[in-house]
Amino acid sequence: MKLSQIYNILNTISPFEFQEKWDNSGLNIGSMDKKIETIYVSLDIDSSIIEKMNPNSLLITHHPLIFGGLKSLDFSLHPSNLIEKLIKKDISLIAMHTNFDKTHLNRYVFEEVLGFSISSNENFIISTQEHWNLEELKKHLKKRLGIEYLRIINPKEQINSLSMCTGSGASLMDSVKSECFLTGDIKYHDAIKAMEQDLMMIEIGHYESEKFFNQIISRELEFLSLYVIMLDSKNPFTF
């Protein structure tokens, strides 16, 4: 199957035009005329992922390898080192990032992983009006997401509404209308701001909240005649 055919299928599943202006979803490396024999899917890309892949294949990731403009390709530095390895093995790369967040990932984690009922879904922020006791909510999040530790800002004993954005969503806090906001990568000054605005926030981890990308996109591509192989990228953090 040609890469262009696979690209069009992915564009139907989650249109690339939905991505944010700063994003770089779509074809990162490769040629649309290339014939693909095997598809791999992974949240991220690193050297160990590339080593596991066969030549002449396609890798679909959540996070783009190329974000900003590259002024040079120094193969001793990231991401140029990975670009070199991909080209040498004739591996194409497509990223499905903010477009997939909007169409699939947020909803899947909120409904199927966390088991919340959706009351609203606006852009990146998905919400519920369910009522939770703090201790029960902490246990629930740890169990469902496989998290041992949670960082909590401005804790409230009773939560009557909560919202979530997978990955790094702290910058969206001004748009949150719930009492509690679940997201990853909460910076110190975001935490101060949340306290001043009386917003409870729980850091659920970037990797931990997005690690379900593989199973979602694999399920969407089950109908293809090509092999779709899931590769597990590692959480870069050790706790």
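Me: Is isoleucine 217 buried or exposed?

Reply: Buried means under 20% relative accessible area, exposed over 50%, and partly exposed in between, with a 1.4 Å probe and protein chains only. Isoleucine 217 is buried, its relative accessible area being 0%. This is a predicted model, in which local features need pLDDT of at least 70 and side-chain atom pairs count only at pLDDT 80 or more, while totals for chains, interfaces and linings use all residues. Residues are numbered from 1 along each chain as its sequence is written, and side-chain values use heavy atoms, with hydrogens and water left out.

Me: Which residues does isoleucine 217 touch?

Reply: Contact means heavy atoms within 4.5 Å. Not counting residues up to four places away in sequence, isoleucine 217 touches Leu10, Val41, Met96 and Phe100. The C-alpha atoms of isoleucine 217 and isoleucine 60 are separated by 8.8 Å, although these residues are 157 residues apart along the chain.

Me: Where is isoleucine 217 placed?

Reply: Helices (H or I, at least four residues) and strands (E, at least two) are DSSP runs, numbered from the N terminus. Isoleucine 217 belongs to helix H8.

Me: At what angle do the axes of H4 and H8 cross?

Reply: Axes are lines fitted to C-alpha atoms, for helices over the stretch in contact, and angles run from 0 to 180 degrees between N-to-C directions. The axes of H4 (residues 98–113) and H8 (residues 213–220) cross at roughly 115° and come within 10 Å. Angles under 35 degrees count as roughly parallel, over 145 as roughly antiparallel, 65 to 115 as roughly perpendicular and the rest as oblique. H4 and H8 are therefore roughly perpendicular to each other.

Me: Which residues of H4 and H8 meet?

Reply: From H4, Phe100, His104, Leu105, Tyr108 and Glu112 meet Phe213, Gln215, Ile216, Ile217, Arg219 and Glu220 of H8.

Me: Which way do the residues of strand S4 point?

Reply: In a regular strand the side chains alternate between the two faces of the sheet. Here Ile91, Leu93 and Ala95 point one way from S4, and Ser92 and Ile94 the other way. Five of the five residues of S4 (residues 91–95) are buried, so this strand is largely enclosed by the rest of the structure.
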